[in-house]
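Subject: Handover of a structure, with notes

Dear colleague,

I am passing on a structure that you have not worked with before, and my notes on it follow below. Please read them with the structure open beside you.

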Amino acid sequence: KSRAPQGSPEEWARDRGQRSLQGGAAGSDEAILAAVSQTGPARRAYVAPGQRGALGGRGCRALSSGGCEYKTHFAASVADPERFWGKAAEQISWYKPWTKTLENRHSPSTSWRILCLKAEVKKPIPQVHGRNKMEKSKRRNSFLCFYATEMNMFVEGMLNICYNAIDRHIENGKGDKIAIIYDSPVTNTKATITYKEVLEQVSKLAGVLVKHDVKKGDTVVIYMPMIPQAMYTMLACARIGAIHSLIFGGFASRELSSRIDHAKPKVVVTASFGIEPGRKVEYIPLLEEALRIGQHKPDKVLIYNRPNMEPVPLAPGRDLDWDEEMAKAQSHDCVPVLSEHPLYILYTSGTTGLPKGVVRPTGGYAVMLNWSMSSIYGLKPGEVWWAASDLGWVVGHSYICYGPLLHGNTTVLYESVLSHGTVADCAVVGKEDPLKGHVPLALCVLKKDINTTEEQVLEEIVKHVRQSIGPVAAFRKAVFVKQLPKTRSGKIPRSALSALVNGKPYKLQIVTQIRQHISSYEGPKDQQILIINI
């Protein structure tokens, strides 16, 4: 069972006030700020939450709704950022308080810190105009890793983001509240998972990782679809201080291999299959090929076999079965980490050059996400939140997993593509219009062997959009294609497609092929249908 930090909120607040003799009355904002800014060991291992309603607490809605309120808070954050973010940090729990709220090594402006994490570490060239520049590596597969800022936040403070996202809500009597709504139309599955149930899975999975020699500071690569087990793995890594690197499930072997070689994980966690409309993605052959062509070999590969599907064979001595490991696992407590301890490495797609690994420190990230859920997005704890993204991208990390759980919300994990029943894939771009400026144009890939016409599909989609979104969407036009062009990372190049449909210059080889075979005709009720044959 996870243990709470010692000392009640009231005791810690009282101690902080008594330690700050010159900072104002005990318990005042000035006293609290001065107390947490003092150096030396903490007398209590708990930082009490501040008054709700201050700085986007539980009693308020989004600051953006008030105009003047937002300007007031923005001005406060600029005038006294230490006080502003210090108060925001009081909304989460700490094992050890920070000695300094902000530490900027290059005052008055922050700068990027660029590190190469390969075995042959390059030394940064001395500062040039406020930025570090890196010598170009002669190796073609070299990566750069970026730390988000040279600004250190909550110096010497210790916390655990998994404790803040899961355990503390349970200890505050919210364990039976819904943490995750898992909605998977592709598997016809809907499930609700409480905070207690998440804790049970996460703490046991943390025990599995520790059993197989994953320690604080080790890296774990996650290559999974949009399923709860992916979130469990992220949280389990954070629970023991391991650094997770979640790789987008749409990546093929070469992209997966390069990221594994760079992150050098001790363990890779994956699933047997991903499910997409009309097809099944076999993850294990993709992973095997990635390990074959790459240099780094993980010690273990933990495989989650998806229910109601054939299990995949395990490689003796390397592979572990998720269900078997979890059945005999022992729960593991949270491990306190410093505020600057890396939480995860997330690689950019590589579309504009070599992929860059972004290293996210724990403390400032946790404080910002918790604060933003109420102050930016206007949520109260317990409300349902859905970010229509993928866990493999930064929005998914921040606002599917960590942000809503830190704030005590219910997060929706959606495994599918939002679409009409006959549509397998879709992209929407803006079509220039002389009256309205732009109108939405959908490029749709239909599923195979559908028993309907494109005209009927368009009519149903138009009706669906009007009912689900509203007539203000003004959707009437669609393009039906056999496939959509995508980058290596699985992204649809909407800017190139938008240029194509508006007759502007574009750069994309497959779009050139589409352009050569495009024709159009007028459909019923002024609905224009463009037919592309490739």
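A residue is called buried here when its relative accessible area is under 20%, exposed when that area is over 50%, and partly exposed in between, with a 1.4 Å probe and only protein chains taken into account. This is a predicted model, in which local features need pLDDT of at least 70 and side-chain atom pairs count only at pLDDT 80 or more, while totals for chains, interfaces and linings use all residues. Residues are numbered from 1 along each chain as its sequence is written, and side-chain values use heavy atoms, with hydrogens and water left out.

Overall picture

The protein has 15 helices and 26 strands, where helices (H or I, at least four residues) and strands (E, at least two) are DSSP runs numbered from the N terminus. Of its 534 residues, 51% count as buried, and its accessible surface comes to about 25,400 Å², 53% of which belongs to carbon and sulfur atoms; these areas come from the Shrake-Rupley method with a 1.4 Å probe, and for residues only the protein chains shown count as cover. If a contact is taken as heavy atoms within 4.5 Å, then 71% of the contacts between residues at least 6 apart in sequence join residues at least 24 apart.

Salt bridges

Side chains of opposite charge can pair when their charged atoms come close. With a salt bridge defined as a side-chain nitrogen of Lys or Arg within 4 Å of a carboxyl oxygen of Asp or Glu, the structure holds 14 salt bridges.

One of them joins Lys266 and Asp218, at 3.1 Å from N to O. Lys266 lies in the loop between helix H8 (253-263) and strand S12 (267-271), and Asp218 in the loop between H6 and strand S10 (219-223), so the pair ties together parts that are 48 residues apart in sequence. Lys266 is buried, with a relative accessible area of 16%, and Asp218 is buried as well, at 17%.

Another salt bridge is formed by Arg318 and Asp319, whose closest N and O atoms are 2.6 Å apart. Arg318 is placed in the loop between strand S15 (300-304) and strand S16 (319-321), and counts as buried at 18% relative accessibility, while Asp319 counts as buried at 10%. Salt bridges that share partners also join Asp213, Lys215, Asp218 and Lys266 into one network. Leaving aside residues up to four places away in sequence, Arg318 touches Glu288, Leu291, Asp299, Lys300 and Val301.

In helix H6 (residues 195-211), Lys204 and Glu200 are four residues apart and therefore separated by about one helical turn. These two form a salt bridge in which the closest N and O atoms are 3.7 Å apart; Lys204 is partly exposed, with a relative accessible area of 24%, and Glu200 is partly exposed at 41%.

Rings of Phe, Tyr and Trp (its six-membered ring) are paired if their centres lie within 6.5 Å, and planes under 30 degrees apart count as stacked, over 60 as edge-to-face and the rest as tilted. By this rule the count comes to 18 aromatic pairs. Trp98 and Phe154 form an edge-to-face pair, with 5.3 Å from centre to centre and 65 degrees between the planes. Trp98 lies in the loop between helix H4 (81-89) and strand S1 (100-104) and Phe154 in strand S6 (residues 151-155), so this pair ties together parts that are 56 residues apart in sequence. Both Trp98 and Phe154 are buried.

The rings of Tyr344 and Tyr365 have centres 5.5 Å apart and planes at 80 degrees, so this pair is edge-to-face. Tyr344 lies in strand S18 (residues 342-347) and Tyr365 in helix H11, so the pair ties together parts that are 21 residues apart in sequence. Tyr344 and Tyr365 are both buried.

Helix H11 (residues 363-375) is mostly covered, since twelve of its 13 residues are buried, among them Ala366, Leu369 and Trp371. Ring pairs link Trp371 with Phe84 and Trp85 into a cluster.

With kind regards
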